[in-house]
Amino acid sequence: MLTLVSAVLCSAVAVGSVVGAGGSEPEQAAETFVGLTLRLGAMTGHEEEVDSYFGPETLHPAAQDDPGGVVQLRADADALLSKMVLEEAARPTPRGSRLLAQVRSFDGLLQVIGPAARSESFEDEAQRLYARSVPSLEAGAAHQVIAALEAAVPGPGPLSQRMAGFYHDFIVPADRRRVVFERALRECRSRTLAHWQLPRAEKIDVEWTDSVPAAWHRYRGGWRSTLQINPDAVALVGSAIDVACHEGYPGHHAQFLLQDQRAQPAGLPVEDRVVLLRSPASVLREGAANFGVELAFPFDERVAFDERVLFPLARLDPRQARRYETVHRLVDQLSAAAAPIIASYRDHRLSSDDAERQLANKALVTSPSALLEFADHYGAYVLGYTAVRDSVRAYVTTRVTARSHITAKDDWSVLCELVSDPYGATARITPPISTAERNGCSRRGRVELDFPHYLPRPGLECPEA
């Protein structure tokens, strides 16, 4: 997180003057946009909204309080948005169009936080910020998964209680968690490098700390990332692969590397050097990172790696690896069942106690209170781990099967295209919104999130190994 002390950079009128003062208009607008986002990240209680920033230090807010708070910030963002709409209508440019979509998204975020935030449903928030609907798991499919889990984890008592006992047998001793995770990270990197060419100088600096609740990645620029991990986040043997792939390779670290490589030689524009947590691009990255876990480790290969490497390192019985991964995969298939429960809880149709019980019994969530706390803090962003992952999987599968043998590209190539251009990818994996729906959204104040598809420069291909 950026721990910044904020200042009032400009009033609503001043924003317009800054945008037009000197330099190219898109560059000035981009710098103003970045300044606005950094002001939000500097406000008490909103520090986590800016996930990372690796742009010019001169755009940081000055070291004094921001008395206007979110209300003034929203007025300034509205002024920038209005000015950019007019400029793009008069002189459209690819960068300006893309930046306009980012400003619209940021303006939408400001509408759901702060003292003047609108009271809206979980579904409306998902639509406003991410152009997503709350998914649900078909009842028949859920019953099939539950039945399979009942058979895999037999015994007396509720299935949720049996699952807690089952997981207890696969806890990695505290003194073995680092070595297990580091080995998983090396394997994730090796498997990713077999498909993607990453910069030789790239590196993840891993910090073990209890200052974060789980694992937190930040791209620092210059091919470097910092990954903070709470040892409890990799307590289960399967978590080592999940976290290493999601946060590292082919997840967040590799995603930023590909995006940075794609922008060379000029490098990423300044607006792409600030990473807003609750944004369409970030939620796309979450879904793609979760899909990347299953891409890097197909089921049988994951079982084989567990048996040969991870279980012995963790001092667990390798003969139990297949059973563990079978249960792990079945529980993952129930993840969509959690979304409507969270939505009902956030919309005050379920008490916290009832929501926890349903999450434990219907979605087999092992820590339902922690999931509800996450949803309280980040809202519809939680859909990135399920709904967006499923959208990414569907998009990749469709693209791969639709290509002829002459132009065939595998799953890795299609995923590379998505994560190296997260803004264009957001539009490609989001179901189109009809004109009637769009007009309805407009009347209700929703923000259009139809990010323009950015075509790569001629001759540019994803850096495959």
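This is a predicted model: local features need pLDDT of at least 70, side-chain atom pairs count only at pLDDT 80 or more; totals for chains, interfaces and linings use all residues.
**Notebook: rings and helices**

Residues are numbered from 1 along each chain as its sequence is written, and side-chain values use heavy atoms, leaving out hydrogens and water.

**Ring pairs**

I looked up the aromatic pairs and found that the structure holds 17 (rings of Phe, Tyr and Trp, the last by its six-membered ring, pair if their centres lie within 6.5 Å; planes under 30 degrees apart are stacked, over 60 edge-to-face, and the rest tilted).

I then checked Phe166 and Tyr324: the ring centres are 6.4 Å apart and the planes are at 5°, so this pair is stacked. The pair links distant parts of the chain, with Phe166 in helix 7 and Tyr324 in helix 13 (residues 321–333), 158 residues apart. Helices (H or I, at least four residues) and strands (E, at least two) are DSSP runs, numbered from the N terminus. I also noted that Phe166 and Tyr324 are both buried.

Back to my opening pair: the rings of Phe181 and Trp208 have centres 5.7 Å apart and planes at 90°, so they sit edge-to-face. Phe181 belongs to helix 8 (residues 177–193) and Trp208 to strand 2 (residues 203–208), so the pair ties together parts 27 residues apart in sequence.

Which residues do ring pairs link into a cluster? I found Tyr130, Phe374, Tyr378, Tyr381 and Tyr385.

**Helix 6 and helix 7**

Next I followed helix 6 (residues 139–152) and helix 7 (residues 159–168), whose axes come within 11 Å and cross at roughly 50°. Axes are lines fitted to C-alpha atoms, for helices over the stretch in contact, and angles run from 0 to 180 degrees between N-to-C directions. At the meeting place I saw Ile146, Leu149 and Glu150 of helix 6 in contact with Leu159, Arg162 and Met163 of helix 7 (contact means heavy atoms within 4.5 Å).

**Helix 19**

Last, I asked myself how many of the eight residues of helix 19 (residues 422–429) are buried. Six of them are, and I wrote the helix down as mostly covered. The buried ones are Pro422, Tyr423, Gly424, Ala425, Thr426 and Ile429. Their cover includes helix 4 (94–111), helix 10 (252–262) and helix 11 (280–296), among others.

Note on methods:
Buried means under 20% relative accessible area, exposed over 50%, partly exposed in between (1.4 Å probe, protein chains only).
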